[in-house]
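Please take a look at the model below.

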There are 2 protein chains.
Amino acid sequence: MAKSTTPGNTAAVRQRGVTMKDVADHAGVSRTAVSFVLSNRENASISEETRTRINDAVLELGYRPNAGARALASQRTDWYGIVTEIVTAPFAVDIIKGAQDQAWLDRRFLLIAPSDQADAVGPNQGLEDAAIEKLLEQRVEGLLYAATFHRGVRVPVSANEVPTVLINCFDADGKLPSIVPDERGGGRVAVERLLQAGHTRIGVINLDPVIPAAVGRLAGAREALAAAGLELNPELVVSGYATADGGYDAACRILDRYPPKDRPTALFCLNDRMAMGAYDAIKERGLTIPGDIAVIGFDNQELIAAYLRPKLTTVALPFEKMGALGVQTLAALTAGQPIIADQQLVGCPLLERSSV
Amino acid sequence: MAKSTTPGNTAAVRQRGVTMKDVADHAGVSRTAVSFVLSNRENASISEETRTRINDAVLELGYRPNAGARALASQRTDWYGIVTEIVTAPFAVDIIKGAQDQAWLDRRFLLIAPSDQADAVGPNQGLEDAAIEKLLEQRVEGLLYAATFHRGVRVPVSANEVPTVLINCFDADGKLPSIVPDERGGGRVAVERLLQAGHTRIGVINLDPVIPAAVGRLAGAREALAAAGLELNPELVVSGYATADGGYDAACRILDRYPPKDRPTALFCLNDRMAMGAYDAIKERGLTIPGDIAVIGFDNQELIAAYLRPKLTTVALPFEKMGALGVQTLAALTAGQPIIADQQLVGCPLLERSSV
DNA sequence: CCCACTTAGTAACGCGCGTTACCAGCGCTG
DNA sequence: CAGCGCTGGTAACGCGCGTTACTAAGTGGG
């Protein structure tokens, strides 16, 4: 037993790939036997003795199966492809992380390819089609398509050749299953938190372009207020660009519009960057957070939310979970199982920090 | 067991892969001819006519080469593997982006696998070795190993079986080529910028743990001062944790230590998160940026630097370039070319915004 | 003693493709 | 007319492996 069984130190010697044949010869059996043992076949009858002899040979030679050859013979690759602009514009990286982790658990590989949908006339136009083509050449068994922000997309037709699941986006005209955040639920939970803290005059800093995130979050806010017998005062809803500057401007407008006593005591910012700007507007006026004004954000952008002072209470986008769920859904699809729903909503949990 | 289980719902248009044989039959030639045409062999003699007939057949049948089979036959996969904790703790995502882009240019595929080196006793212990093993099973032709922050690492031995390049880290005991940011140059450029703006009393907010980033950046700052005939006043160097809170505390200490006239007029924060905290300390004291105090950061964390108010002038870590350079170096290595240098330093460019 | 059945394995084919060796026909030269 | 080189291909092998069909040696029962 005390041989150089560790593949690490002996391996550098053996550049020439060692194959099953080598293992078979070394163990004095046929290649078939080796294959049977390595793939743990149920109904193969191999004596315990030769079985260990084969396993020993594997270790001694540092044999490593050739995934490509295996795929060719077995007609399955165990690969999923994920094509996403996240590669080109990292923002929702955690989608990849979630997908990767789940794929790893399922003993599958994730092939990550870039997309260009985000830029209408970027330099990489056409990159996406090429990327999908490449993925298909690798014979991926399923495709994940992920966007950096929740929106409708046009999925290239070539994606139809293989089961496909959308993450953080939805198919404008097709019938592809998709996984998106529950924006509305998130908006509701945010406002509920403010209500629970005793706030009734709540200002909303709204996102300017009409995107699913803005619409959903605002609707959720309305729901929460309605449930408390309140109504969203249109005067307290101010829109701005989805940046810190936009948030600053919007917050200024909303804060300066009223005398102190009528001023909203809480601000629901539809994303963290705007909350960042709102912080400045509030502090600039000598007001404290959350003492004078409570602030709640959305997105949970770690670098902002966790590092603002005070740390920002916010609603998290469940990127990781969405990625994982994407892989799970794909696994179900490729296994021929029925899908749970055409569009799966993933909850956006509240992250308590110190701004409420 | 029937193997023709139709996957998905509507996905299976053309599940039955069309092979070269099909193309050959359809074009009335031999499979060899098809292979020759598709691989654009120089010395193959195929008439122009049959050449187009074959190409037509390819289009009509929607033939797509099987990358796996091709790899098996040609003994090359065109794959590189990148194993990195960036997957588990996204921070330097742009390394992946840079590598991916470059790989794409080189018509190569990047297989991304997770690492766990960052957490000493994390839940995924051993994940890294398994990941590398998987990559080798896929017969990657080279390995990239990337870290989230500049540091020494212990590279698993199995990585020795294939050319390996380190990105944003270096091999503690071995001789692997590595690509790291020029921290010192970055520190120099930052302080030079401050000097150029007329500041001579410069405070430094230093990173607490002794890591290459801190050491290098500080050394660079000293160099710049020395070149201007100045010296770094130890009293003006304050250390803190690499967080916004740490930056806030450090800035408070440095600002409150002196009467206004002796106060430093500029702060070099060794990272952007600390700069974020410093902003708060400065604003809290009724001082303006850059009017009363100029601030310069390091790292260029977009979400912070571009969204602080005023936007933060900072030194960027060249993650993308490092990723690209990693792939290029790997390409040279696998091609048998000599490496430029054992350790390649990549410049950290100054990003002018509005805080100086 | 023969037959059926189990155990322990092996030979051989094919996955889709790259590649090498070969071949048939044709025009041209000596 | 033999011989040669050139054009335009083709047959066949092997890459490393999964898988099916088959065999040879024991085992037990009637």
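## A crossing of two helices

Is the crossing of α6(A) and α13(A) left-handed or right-handed? The crossing is right-handed. Keep in mind that this is a predicted model.

Helix α6 of chain A covers residues 93-105, and helix α13 of chain A covers residues 319-334. Their axes come within 6 Å and cross at roughly 45°. Angles from 65 to 115 degrees would count as roughly perpendicular, and angles under 35 as roughly parallel. The helices α6(A) and α13(A) are therefore oblique to each other.

Which residues make the contact? On α6(A) they include Asp94(A), Ile95(A), Ile96(A) and Lys97(A). On α13(A) they include Phe319(A), Glu320(A), Lys321(A) and Met322(A). By class, the contact of α6(A) with α13(A) has eight nonpolar, five polar and five charged residues.

## Another oblique pair

Now turn to α10 and α11 of chain A. Helix α10 spans residues 244-256, and helix α11 spans residues 272-284. They pack at an angle of about 45°, with their axes 6 Å apart. So α10(A) and α11(A) are oblique to each other. The crossing of α10(A) past α11(A) is right-handed.

From α10(A), the contact residues include Ala244(A), Tyr248(A), Cys252(A) and Leu255(A). From α11(A), they include Arg273(A), Met274(A), Met276(A) and Ile282(A). The classes here are 12 nonpolar, three polar and three charged residues.

## How the two chains pair

What rotation superposes chain A on chain B? It is a rotation of 180°, with 0.0 Å of shift along its axis. The RMSD is 0.1 Å. The two copies are thus related as by a two-fold rotation axis. Of the residues of chain A, Gly68(A) comes closest to this axis, with its C-alpha at 2.6 Å. The same surface serves both copies, as 85% of the contact residues of chain A recur in chain B.

How many residues of chain A are in contact with chain B? There are 48, and they meet 46 residues of chain B. The side of chain A that touches chain B has 24 nonpolar, 14 polar and 10 charged residues.

## Around DNA strand C

There are 24 residues around DNA strand C. The nearest are Ser30(A), Ser47(A), Met20(B), Asn66(B) and Ala73(B). The elements that give two or more residues to this surface are α3 and α5 of chain A together with α2 and α4 of chain B.

Which element supplies the largest share of the surface near DNA strand C? That is α4(B), with five residues. By class, the surface near DNA strand C has 11 nonpolar, 12 polar and one charged residues.

## Around DNA strand D

DNA strand D has 25 residues around it. Met20(A), Ala73(A), Ser30(B), Ser45(B) and Ser47(B) come nearest. In chain A, α3 (31-38) and α5 (67-74) each supply at least two residues of this surface.

The largest share of the surface near DNA strand D comes from α5(A), with five residues. The classes near DNA strand D are 12 nonpolar, 12 polar and one charged residues.

Terms used
Residues are numbered from 1 along each chain as its sequence is written. Chains are lettered from A and ligands numbered from 1 in the order in which they are written. This is a predicted model: local features need pLDDT of at least 70, side-chain atom pairs count only at pLDDT 80 or more; totals for chains, interfaces and linings use all residues. A residue is near a molecule or strand if its C-beta atom, placed from the backbone, lies within 6 Å of it. Helices (H or I, at least four residues) and strands (E, at least two) are DSSP runs, numbered from the N terminus. Ala, Val, Leu, Ile, Met, Phe, Trp, Tyr, Cys and Pro count as nonpolar, Asp, Glu, Lys and Arg as charged, and the others, Gly among them, as polar. Axes are lines fitted to C-alpha atoms, for helices over the stretch in contact, and angles run from 0 to 180 degrees between N-to-C directions. Angles under 35 degrees count as roughly parallel, over 145 as roughly antiparallel, 65 to 115 as roughly perpendicular and the rest as oblique. A crossing is left-handed if the near helix is turned anticlockwise from the far one by less than a right angle, and right-handed if clockwise. Two residues are in contact if their C-beta atoms, placed from the backbone, lie within 7 Å. Copies are superposed by least squares on the C-alpha atoms of residues with pLDDT of at least 70 in both.
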